[in-house]
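Please examine the arrangement of domains and ligands shown below.

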Amino acid sequence: MDKLLITGGNRLKGEITVSGAKNAALPILCASLLTADTIALENVPDLKDIGTTLRLLGQMGVQSERGGDGILQLNASLVDSLEAPYEMVKTMRASILVLGPLLTRFGEARVSLPGGCAIGQRPVDQHIKGLEAMGADIRIEHGFVVAKAKRLKGASIRTDMVTVTGTENLMMAAVLAEGRTTLENAAREPEIIDLAELLNKMGARIQGHGGDRIVIDGVDRLHGASHRVVADRIEAGTFLCAVGATGGEIMLRQAAPQTMGAIIDKLQEAGLTIACGDDWIHCAMSQRPRATGFRTREYPGFPTDMQAQLMALNTIADGTAVIVENIFENRYMHVQELGRMGARIDIDGHTAVVTGVAQLSGATVMATDLRASASLVIAGLAACGDTVVERIYHLDRGYERMEEKLRSVGADIQRLTREAA
Ligand SMILES: CC(=O)N[C@H]1[C@@H](OP(=O)(O)OP(=O)(O)OC[C@H]2O[C@@H](n3ccc(=O)[nH]c3=O)[C@H](O)[C@@H]2O)O[C@H](CO)[C@@H](O)[C@@H]1O
Ligand SMILES: C=C(OP(=O)(O)O)C(=O)O
């Protein structure tokens, strides 16, 4: 298993190009199931989760090809399997996003229930409840969601909580349903807007995306389209936290600062100097970070996917920060590992109290999930001495060439491959 070896202490300086958003690209790839025409996608990041999704779609019969220009073409005219097997779903919960598209276009789907996960239970009951409201017959059989419907019918659906992939699944199901669907309490994340924009280019009739009430008028068929995936706000935020922790100055190119309001506000509170243009973010840090408490919330609140990274910054801040994780019940797996590097963090339920220390010390630590891994990298960059981050396959799920990007701005970080490790 690959590891990262980081020698801390280097200030970061230079330019990084932000990749396309994993969490926008995953539902968008699944949206290719909605039409027999070709979908052409620009800015799809090269990630393990993208590879897994392409394999999942491939075994259903979707053809995909990435051209020399980086554009990914998907064609779902020859779909001959309507099943998402456990082997794939277990490594990537977003596989549940094939459920809505398969059911609405083909009238049938068999998708393995996602397995247990390090950050919490993450049930899919709201996806199921919404599809049932649209007339689907859904059973849980042998660990699979088995769904059938002649043609889905538009419905008024209010989810019990705000769910990102739930909103995406139901939105994709509704585009080919008969009549109007209204999604109340919908998620407002930029990735939902990105998906809705692609679907509208394909001929869907969606309004209100970006708000908490999305109205979808079903159409009989969708056609091909081209789309550029929105920039990854979590990747960009992770690099900003890294500069906050090491000091220095970086320019992020091809970023989407307009999707990062809560992240930028908090990092400014922590002492970073940040300037933004339409698609760039410049940030500089020349002082010890200030302790910055926050509560994770649905968009436009502070994202849970940035909680671990901003916590890492707080471990070396001046003062004490109170952090509350409101979205997932078990998303503090990084705390123990940060503690091995000298961080002082007390957990009580959903609340973490972080008392900044003057310096972390490098250690061997284990990544437990995607953003936990990113927090350990940030801590390693700021620590004195060597840090080895093990099990970085989690990191590879969601960060494109992270160590190369960090090395290009002066970090001392290298990947130890299985043979070398
Ligand atoms: C691929 C993708 O986009 N993943 C993101 C998505 O995950 P994901 O879409 O899985 O997260 P949700 O927004 O659905 O989860 C929010 C909360 O609702 C609960 N819930 C959700 C659905 C449901 O049917 N029942 C239920 O109880 C979840 O357990 C969680 O406590 O949004 C999360 C919250 O911003 C992010 O951390 C993930 O990075
Ligand atoms: C939790 C995340 O992803 P997923 O929903 O794919 O597990 C994430 O991107 O931080």
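Ligand 1 lies between domain 1 (3-19 + 231-416) and domain 2 (22-228), because both give residues to the shell around it; the domain bounds come from an automatic or database domain assignment. The model is predicted: local features need pLDDT of at least 70, side-chain atom pairs count only at pLDDT 80 or more, and totals for chains, interfaces and linings use all residues. Residues are numbered from 1 along each chain as its sequence is written, while chains are lettered from A and ligands numbered from 1 in the order in which they are written.

The shell around ligand 1 holds 22 residues, of which Asn23, Gln126, Thr163, Val164 and Thr165 come nearest; a residue is near a molecule if its C-beta atom, placed from the backbone, lies within 6 Å of it. At least two shell residues are supplied by each of helix H1 (22-31), helix H5 (125-133) and helix H6 (164-175), where helices are DSSP runs of H or I with at least four residues, numbered from the N terminus. Nine nonpolar, nine polar and four charged residues make up this shell. In this classification, Ala, Val, Leu, Ile, Met, Phe, Trp, Tyr, Cys and Pro count as nonpolar, Asp, Glu, Lys and Arg as charged, and the others, Gly among them, as polar.

Ligand 2 is surrounded by Asn23, Arg93, Ala94, Asp305, Leu370, Arg371 and Gly398. Its shell comprises two nonpolar, two polar and three charged residues. Domain 1 and domain 2 both contribute to the shell around ligand 2, so this ligand also lies between them.

The centres of the two domains, taken over C-alpha atoms, are separated by 30 Å. Across the boundary, 20 residues of domain 1 are in contact with 14 residues of domain 2, contact requiring C-beta atoms, placed from the backbone, within 7 Å. Helix H13 (residues 393-398) provides the largest share of the domain 1 side, four residues. By class, that side has six nonpolar, five polar and nine charged residues.

Helix H6 also packs against helix H4 (residues 99-106), at an angle of about 15° and with the axes 7 Å apart. Axes are lines fitted to C-alpha atoms over the stretch in contact, and angles run from 0 to 180 degrees between N-to-C directions. H4 and H6 are therefore roughly parallel, a label for angles under 35 degrees. In this pair, Leu99, Gly100, Pro101, Leu103 and Thr104 of H4 meet Asn169, Leu170, Met172 and Ala173 of H6. The contact has six nonpolar, three polar and no charged residues.

Terms used. Angles under 35 degrees count as roughly parallel, over 145 as roughly antiparallel, 65 to 115 as roughly perpendicular and the rest as oblique. Two residues are in contact if their C-beta atoms, placed from the backbone, lie within 7 Å.
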